[in-house]
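This report describes a pocket and a sheet. The sequence and the structure are shown first.

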Amino acid sequence: MLKHRGFPGRLPGTDYQFVIRRANPRGVTPLVARRRFPDRKPADRRADEGFMSALWSHFGPEPFERGNLDAGRLNWLLDREVVAVEEDFDPVSYDSLLRIDEAVARASFPRVFEAEGFDDWDEETEE
């Protein structure tokens with residue numbers, strides 16, 4: 001299992017976990033897309049936004065291996081903001097490749113991308 005060095009372990013100030021420390025000895029937790037209902041708690045929404053921010057700042061638009069990313073947290077974004085790269089995606093493999101669907105992620109979590117500061121960059125204002 002690949003450990004993503006430098007990836008935040010959790011949402012700061014909370015117990016919302018972003019990574020796992022070691023492989024599950026009873027087998028890999030499967031990735032399954034979970035539906036996000038509009039009445040979710042604000043703390044859960046902040047955790048999703050924080051996780052997306054961490055994913056984007058760590059990987060950007062490039063494909064990444066599931067590795068030690070928490071399955072429970074990934075499941076809230078799977079098949080929407082985070083999609084499988086390979087057609088023969090294995091939801092029970094730590095080696096599965098994923099990527100961020102940037103268009104969907106920008107629509108779902110606009111604050112994550114506003115914080116970048118370069119999206120609305122107008123070169124003409126620099127002159």
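## Pocket and sheet

The largest pocket has a volume of about 230 Å³. A pocket is an open set of points on a 1 Å grid where a 1.4 Å probe fits, with protein on both sides within 12 Å along at least five of seven lines; the volume is the space filled by probe spheres set on the points. The model is predicted, with local features needing pLDDT of at least 70 and side-chain atom pairs pLDDT 80 or more, while totals for chains, interfaces and linings use all residues. Residues are numbered from 1 along each chain, and side-chain values use heavy atoms, without hydrogens and water.

Among the residues lining the pocket are Lys3, His4, Arg5 and Asn68 (lining means an atom within 4 Å of a point). The lining has two nonpolar, five polar and four charged residues, with Gly counted as polar.

Three strands (DSSP runs of at least two residues) form an open antiparallel sheet in the order E1-E3-E2. E1 (64-65) and E2 (82-84) are at the edges with a single partner strand each, so one side of each has no neighbour in the sheet. Strands pair if DSSP finds at least two bridges between them.

| Pair | Bridges | Sense |
|---|---|---|
| E2 and E3 (residues 97-100) | three bridges | antiparallel |
| E1 and E3 | two bridges | antiparallel |

Val82 stands opposite Ile100 in E3, and Val83 opposite Arg99. Glu65 stands opposite Leu97 in E3.

Methods: Helix = DSSP H or I, 4+ residues; strand = E, 2+ residues; numbered from the N terminus.
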